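Here are my notes for your next look through this model, as a set of numbered points. Please keep the viewer open while you read.

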Amino acid sequence: MVGAYIDSSGVDHGFMLKTGKVTTIDDPSGTTTNCLGINTAGDVVGYYVNSSGSAQGFLRHGAKFTDIGPKGSTSSEAVNINTAGHIAGYFVGTDGLTHGFLWNGKKYIQLDAPGATSTLAWGINDKGLISIQWIDSTGVNHSAIYNGKKYTTIDVPGAVGSYAHGIDLAGDVVYSWTDSTGVFHGALRTGGKYYKFNDPKGTDGTYGDGINDNHLVVGVYHTNGGAVAEGFKAAY
């Protein structure tokens, strides 16, 4: 799995955890780095912050780092990558709006959910299904799955805001969602049913972030009024 941590100087670094060993991953062009996704080949995607203070998506293949993001974007984040090397993410365009993107190895495809003022592509599985977050004209956050032709809404029932994150080969989706008080919780959509969850240590919020094909979910929980964040993994 991959993620990010903050060192004692307050600097963000990416990391990869493999067989109990943690390896720091820092893009050489960045002042800070966050790793967001990894595929079975060990290719890592994420973003770094450049000297101008803008986010720039990246792909780490072996020891090589490559910038990821459509030409002309003012900022970008590469969020997930599948076995074929196809990458889902989002960018801010010259119009000042946030759009999702799919990098299919040859070109960038812009993704905009119908009626959305902002679209973020978050997860991508080996069938090419993409989990989407989008914001409507009233500012409400929704979730969808994009199959290359249409967007299907998959909001968490009862949620005020629904944020789809990772998606596995079976189409199971892990979420973060907010209740009426603004507190974040996790959720899992599997077999067409929704299961809400909280890390028992997460006194100030739980966020579901990633899911793999072996029924493992990862995320973050917060304590101390949200000041402390810790990663977790859970099986289902």
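1. In which sense do strand β9 and strand β10 pair, and over how many bridges? Strand β9 (residues 87-92) and strand β10 (residues 98-103) are antiparallel, with six bridges between them. Strands here are DSSP runs of E with at least two residues, helices are runs of H or I with at least four residues, and both are numbered from the N terminus. Two strands are called paired if DSSP finds at least two bridges between them.

2. A word on the ground rules before going further. This is a predicted model, in which local features need pLDDT of at least 70 and side-chain atom pairs count only at pLDDT 80 or more, while totals for chains, interfaces and linings use all residues. Residues are numbered from 1 along each chain as its sequence is written, and side-chain values use heavy atoms, with hydrogens and water left out.

3. Now the overall picture. The protein has 22 strands and zero helices. Its radius of gyration is 17 Å, close to the 18 Å from the globule rule for 236 residues, so the protein is as compact as a globular protein of that length; the radius is taken over C-alpha atoms, and the rule is 2.2 Å times the number of residues to the power 0.38. The C-alpha trace spans about 40 × 40 × 30 Å along its principal axes.

4. Surface and burial come next. Of the 236 residues, 45% are buried, where buried means under 20% relative accessible area, exposed over 50%, and partly exposed in between (1.4 Å probe, protein chains only). Among contacts (heavy atoms within 4.5 Å) between residues at least 6 apart in sequence, 25% join residues at least 24 apart.

5. Back to the hairpins around β10. The hairpin of β10 and β11 has four residues between the strands, and the turn holds glycine 105 with a positive phi of about 95 degrees.

6. Strand β6 (residues 55-61) deserves a look as well: six of its seven residues are buried. On one side of the pairing, strand β5 (residues 44-49) is joined to β6 by six bridges in an antiparallel run, with valine 45 partnered by leucine 59. Their hairpin has five residues between the strands, and glycine 53 in the turn has a positive phi of about 90 degrees. β6 also runs antiparallel to strand β7 (residues 64-68), over five bridges, and arginine 60 stands opposite phenylalanine 65. In that hairpin, with two residues between the strands, glycine 62 has a positive phi near 65 degrees.

7. The largest nonpolar core has 11 residues, among them Ala88, Leu102, Leu111, Ala113 and Trp134. A nonpolar core is a set of buried Ala, Val, Leu, Ile, Met, Phe, Trp, Tyr and Cys residues joined through side-chain atoms within 4.5 Å. β12 (118-124), β13 (130-135) and β14 (141-146) each give it two or more residues, and β13 has the largest share, three residues. A second, separate core of nine residues includes Ile145, Ala164, Ile167 and Ala187.

8. Valine 79 lies in strand β8 (residues 75-81) and counts as buried because its relative accessibility is 1%. Beyond four places in sequence, valine 79 touches residues including Val45, Ala88 and Ala121. Serine 176, in strand β17 (residues 173-178), is buried too, with a relative accessible area of 1%. The side chain of serine 176 reaches the backbone nitrogen of glycine 208 at 3.3 Å.

Note on methods: A polar contact is a pair of N or O atoms within 3.5 Å; within protein, one must be able to donate a hydrogen and the other to accept it, and residues adjacent in sequence count only if both atoms are side-chain atoms.
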